[in-house]
Each structure stands twice: as C-alpha cells, then as structure tokens.
Amino acid sequence: VDAVDRLSAATLQADDETALWRAAARAANGDWDAALPDWQRGGDHLDAYPPAIRAALAEHVVMLLLQTGRIEEAFATIEQLSALNLAPAVRDRLRLLEATALERDGAVDEARTIWKALTEKAVPEVRSLASLALVESDLAADRIDESAAVERLAADSVHWRGQRDELDLWRRLAALRHASGQAQAALAILQEALSREPPPATAAVLSGDRVKIVDTIFAEFAAGERSAMSALLVYRRFAELVPPGPSGDANVGLLAQRLAEIGLAEAAIDLLRERLRYSDARDQGRATLGLTLARLLVHNSERQGAVEALLDTAPIDDIDPELAEARRVLLTTLGRHGEGTTTGDLAAPMHNGPATLRDRARAAFVREDWLAVLEAAGPLESVVPPSGSLDRAATELVLMVATAARQRGDDAMVERLAARYADRFMTSADADALRLLASP
C-alpha cells in the first residue's frame with residue numbers, strides 16, 4: 001500500500017512509465033479494477049526493462065490480466081517472457097503462471113501436468129506453490145475433501161519457512177483446518193505466523209483471519225452446534241479475539257447464560273468479570289453484562305458484589321428502557337436489603353423478574369426468533385425461584401425457553417429444563433408439555 005501511495009503522488013500522475021509500476025503494485029495488492037487503467041497506460045514500457053525486472057513486473061501483470069478476463073493477452077505476455085534469458089527461479093515462476101492461465105482457460109489437464117512437473121523439479125518456493133495448486137485442483141474436482149487437503153499441505157509445510165509466499169501458504173492451511181472442523185488448530189497456525197513478526201499490513205490480515213474464526217465459533221455455539229464448555233475454552237484462550245463492542249458483548253453474555261443454565265454459575269461469573277475488565281465502555285452492552293452478573297451474584301448471596309457490578313456498569317449512553325428499569329429495580333432492592341430487609345425480601349423482586357423477561361421473550365417467541373428468546377430469557381436460575389412451585393410468569397418463561405431450545409436442536413438443554421422444573425409447575429398440563437418437548 002505504501003508503494004502505491006508513493007507512486008500515486010501528484011507529480012507522477014501524468015507519467016505513463018510510473019503508471020506501469022503503479023499497475024504492478026496495485027495488482028500485487030489485489031486491487032484489479034484500479035490496476036487495469038494504469039496497465040493500459042503504461043504497459044508499452046514493459047519491454048524497455050532488463051529481463052529480470054520485466055519478469056518481476058509481469059508476474060503481477062499476468063495475474064491482473066487473468067483476473068480481468070484478458071486471457072489471450074496474458075498468454076502473449078507469458079510467451080514473450082519465455083523467450084528471454086531468465087534465471088531458473090524466475091523461469092519456474094513463469095511456468096507456474098502459465099499453468100494458472102491454462103487452468104483459467106479451461107485446460108485443467110495441461111495445467112496439472114505443469115504443476116506436477118514443478119513439484120518434482122523446481123526451486124523450493126515454486127514446488128510449494130505447485131503442490132498447493134494441485135491440492136486446490138483436487139478439492140475443486142471433489143477428488144479429496146478438506147481433511148485430505150490439510151494432510152497434504154501439512155506434510156509440505158516443513159519446506160515453507162523463509163519462502164516468499166510463506167504467510168499465504170500458512171493462511172490457506174489455516175483456512176482448510178477451519179473448514180475441516182479444526183478451528184483451534186487454525187487459530188494456532190495463524191498465531192504462529194504472527195509470531196514471525198510479518199509486516200504490519202500482513203499482520204492485520206492474519207489478525208483479521210483469527211477474529212473471523214472466533215466469530216464463526218461463537219456463531220456455531222449460538223446455533224447449538226458447539227457446547228458451552230467448548231466455547232468457554234476457546235474464549236479463555238483467545239479472549240483478545242472477541243473485541244469490545246455489541247457483537248463481542250452479546251457473545252459473552254450468551255455464553256454466560258448458557259454456562260449458568262448447565263449449573264456453572266461460578267464460571268459464568270468469572271467470565272463476566274473478566275469481560276468487564278476488558279473494556280470500560282459505558283454503553284448498553286456493558287450495562288447488560290453488568291445486570292446479568294449482578295443477578296448471578298444475587299443468586300449466590302453476594303449482595304455487595306451485585307451492587308458493585310451494577311455501579312461499575314452504570315451506562316452513560318442511552319439504553320433500552322426495559323434494561324434501565326431492570327437495573328434500577330435490582331439496585332433499589334439491593335439497597336433496601338442493606339437497610340435491614342431480609343434475604344427473602346431481596347429475593348422477592350428477583351422472583352418477579354420472570355414477568356419482565358417473559359414479556360420480552362414473548363415478543364421474540366411470536367416472531368419465531370428462537371435465539372432472541374434465549375437471549376431475552378437469560379440465565380433462568382438467576383430469576384426463577386430456587387425452590388417451590390413456579391408462578392404463571394416463570395412457567396411460561398421456562399416453556400418458551402424449552403421450545404426455543406428444541407427448535408434450535410439443543411435437546412440436552414430441554415432435558416435439563418424438564419428435569420429441573422417440570423415437577424415444580426402448578427398444573428400437570430404444563431408439566432406434560434415440558435416433558436413432551438424433552439421427549440425424543
């Protein structure tokens with residue numbers, strides 16, 4: 001990017017020869033649309049350079065031509081370069097470009113012949129790229145799956161260190177690891193690549209890849225395709241990849257709720273406290289996490305901790321009126337407890353909590369937004385009385401959560417809800433409905 005900026009200086013804009021170099025630099029960054037006009041302006045200057053420089057520039061130019069559908073022009077450029085006296089390494093890379101052009105032109109068998117030849121006799125970095133090309137070709141033709149592709153690339157990776165394309169190779173292996181269900185292995189590969197201190201622009205790309213993988217992991221968790229414990233392990237190892245903001249806060253909040261649902265309230269509390277230390281934003285996301293933490297602490301009879309959680313997450317920005325009211329009610333109740341009310345008095349407003357959550361969950365339930373139902377309900381043990389019969393609001397809340405979990409395929413959660421709450425419903429019809437949801 002820095003090279004493009006330098007070559008785009010106002011004093012150079014009118015120079016056609018500079019346009020050639022700018023085209024190559026933009027093509028190297030994958031900015032094909034911007035590179036093409038520069039190539040069309042400066043391409044005639046390519047032949048004036050020594051063979052080595054012509055080949056270096058043409059490598060990016062040929063990819064530009066292929067990406068913009070100018071295959072015949074790409075072949076003509078390759079043919080001109082092939083007639084030059086080039087070093088073996090340069091000639092090998094030229095052959096690699098030829099194979100790519102052939103594949104783009106539909107001559108896959110001819111391309112594969114070149115790639116196979118290059119894997120047997122070429123400079124190491126070209127051998128590795130040819131091996132990758134064969135793997136990609138086999139994947140595209142369904143001759144292998146992602147796991148087999150990973151196995152082949154991993155075997156070749158011992159040769160990658162120090163190669164010009166090393167980081168691109170590691171990125172592709174990480175992507176295949178992720179596609180084959182090995183998300184944590186993919187994250188480890190990218191972390192190892194970052195440890196080699198690549199240029200800032202490359203480091204940013206690698207970090208972005210890692211964030212995307214973690215986002216995918218949490219999406220799988222939200223969809224019921226990954227357990228709470230699995231998501232927690234990922235978070236503990238890669239917390240820095242769940243950045244501050246609404247999306248990250250929502251992921252952590254949902255994880256805390258699911259942990260509390262399976263009886264891991266202490267782990268949920270630790271998770272929320274760690275997350276709140278990670279950012280000092282005074283927004284709705286932090287206010288929501290603070291309320292969830294306070295409710296869990298109340299459930300654990302940690303009144304002072306609950307008060308501190310609410311005060312530490314008091315929002316400055318405008319927040320949802322229901323969230324603001326829930327925070328106010330809980331803080332007021334905790335204050336009354338500090339003035340001498342009993343623990344039972346403190347618990348009473350929490351027992352009234354299901355009515356508010358039921359109404360919030362019901363809106364999502366009506367539109368069949370099952371994830372929103374679970375998010376609105378939150379950790380049930382923090383709002384549902386720990387013993388005794390459940391009132392109508394708590395019963396309806398549990399039934400909506402169980403229905404949402406069943407719709408999302410989380411049968412284990414439905415079974416836990418049935419075991420925990422069915423016998424505490426006031427009517428046998430409600431109990432039978434919950435057990436029916438939990439049945440195979």
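How accessible is E192, and is this residue buried, exposed or partly exposed? At 37% relative accessibility, E192 falls in the partly exposed class, where buried means under 20% relative accessible area, exposed means over 50%, and partly exposed lies in between (1.4 Å probe, protein chains only). The model is a predicted one, so local features need pLDDT of at least 70 and side-chain atom pairs count only at pLDDT 80 or more, while totals for chains, interfaces and linings use all residues. Residues are numbered from 1 along each chain as its sequence is written, and side-chain values use heavy atoms, with hydrogens and water left out.

Now for the charged pairs. Side chains of opposite charge can pair when their charged atoms come close. Here a salt bridge is a side-chain nitrogen of Lys or Arg within 4 Å of a carboxyl oxygen of Asp or Glu, and the structure holds 33 of them. One of these joins E192 to R196, at 3.3 Å from N to O; R196 is partly exposed too, at 26%.

D411 and R406 make another such contact, with 3.6 Å between N and O. D411 has a relative accessible area of 39% and R406 comes in at 29%, so D411 is partly exposed, and R406 is as well.

D432 and R435 also pair up, at 3.9 Å. These two sit 3 residues apart in helix α23 (residues 428-438), which puts about one helical turn between them; helices are DSSP runs (H or I, at least four residues), numbered from the N terminus. D432 is partly exposed at 46%, and R435 is partly exposed at 37%.

Finally, R358, D359, R362, R392, E396 and D430 are tied together in a network of salt bridges.
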